[in-house]
Amino acid sequence: MSRAPLVSTIIPCFNQAQFLPDAVASIRRQNYPAVEIIVVDDGSIDDSASVAAQLGGADLHYFHQANQGLPGARNAGLERAHGEIISFLDADDLWHDANLGIQVALLDGHPETDIVVGYSQKIRVTGYKDGRPVCEPLSDPAPALSMSCAVIRRGVFNQVGIFDQSQRYCDDWDWFMRARELGVGIKIHEQVVHYYRRHDANMTNNADIGNQYTLMMLKKSLDRRRRQQDGRASSLSSLLKKND
């Protein structure tokens, strides 16, 4: 790689002031030289704005908007991103220090691939020390179609489109399904790049709403594939096959 392409990392934030400093710190620890951080405050009523101001730095850009939900915050970040590569990190999660070093190299080494996705590991918030969350491992690493695990060539969003704001939950799964239906090259590898912090305020704690939006996302995908195949929904290839 002769020149490190700029990576735009978008952090949607809604009332996550206590988690935001660790998320930003995990981006700043990356073994990668060209990153801009875009914090989209999606109508927070906590101290997210003052925390973002304290984090400061020329690499960090903060924007506030009226609450639009997670997909709306991600779309707002995309509008402001300057990078050739797009990445995301939820404000209450963390990156492994080697995330961008690993994943951008894989993207650079596989020109046929437009999206690289690594493994995620769940960790649990067990308490707080000096106002910062303390965590412990909760599960073994696993593949996850999560935006926080991926690096994406910017041009892919011209092909797949932005996030569906009617998908208040599962907007990342919906986006990945659209990418798969279009045959976008996706490479999954087994190195942990993301830590998913479980805590009392996770969006996914509401299983009933999550299931409702999951079914909505799957129906949209089936309907799109039926329209393309004269009423029959074609199967999508497995993402878990080994690909070197």
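The structure is a predicted model, and a search of the whole of it finds zero disulfides. Helix H3, which covers residues 69-80, is mostly covered, with ten of its twelve residues buried.

**Helix H3**

- The end C-alpha atoms of helix H3 are 17 Å apart, which agrees with the 16 Å that its twelve residues should span at 1.5 Å a residue.
- The buried residues of H3 are Gly69, Leu70, Pro71, Gly72, Ala73, Arg74, Asn75, Ala76, Gly77 and Leu78.

**Thr113 in its loop**

- Thr113 is found in the loop that runs between helix H4 (99-109) and strand E6 (115-129).
- Thr113 counts as buried because its relative accessibility is 5%, and buried means under 20%.
- Leaving aside residues up to four places away in sequence, Thr113 touches Leu107, Arg153, Gly185, Ile186 and Lys187.

**The cysteines**

- No disulfide turns up in the search of the whole structure, and Cys149 accordingly is in none, the nearest cysteine sulfur being that of Cys170, 15 Å away.
- Seen from Cys170, the closest cysteine sulfur is in Cys149, and the 15 Å between them is too far for a bond, since a disulfide needs the two sulfur atoms within 2.5 Å.
- Cys149 counts as buried at 0% relative accessibility, and Cys170 is buried as well, with a relative accessible area of 14%.

Note on methods. Residues are numbered from 1 along each chain as its sequence is written. This is a predicted model: local features need pLDDT of at least 70, side-chain atom pairs count only at pLDDT 80 or more; totals for chains, interfaces and linings use all residues. Side-chain values use heavy atoms; hydrogens and water are left out. Helices (H or I, at least four residues) and strands (E, at least two) are DSSP runs, numbered from the N terminus. The expected span of a helix is 1.5 Å times one less than its number of residues. Buried means under 20% relative accessible area, exposed over 50%, partly exposed in between (1.4 Å probe, protein chains only). Contact means heavy atoms within 4.5 Å.
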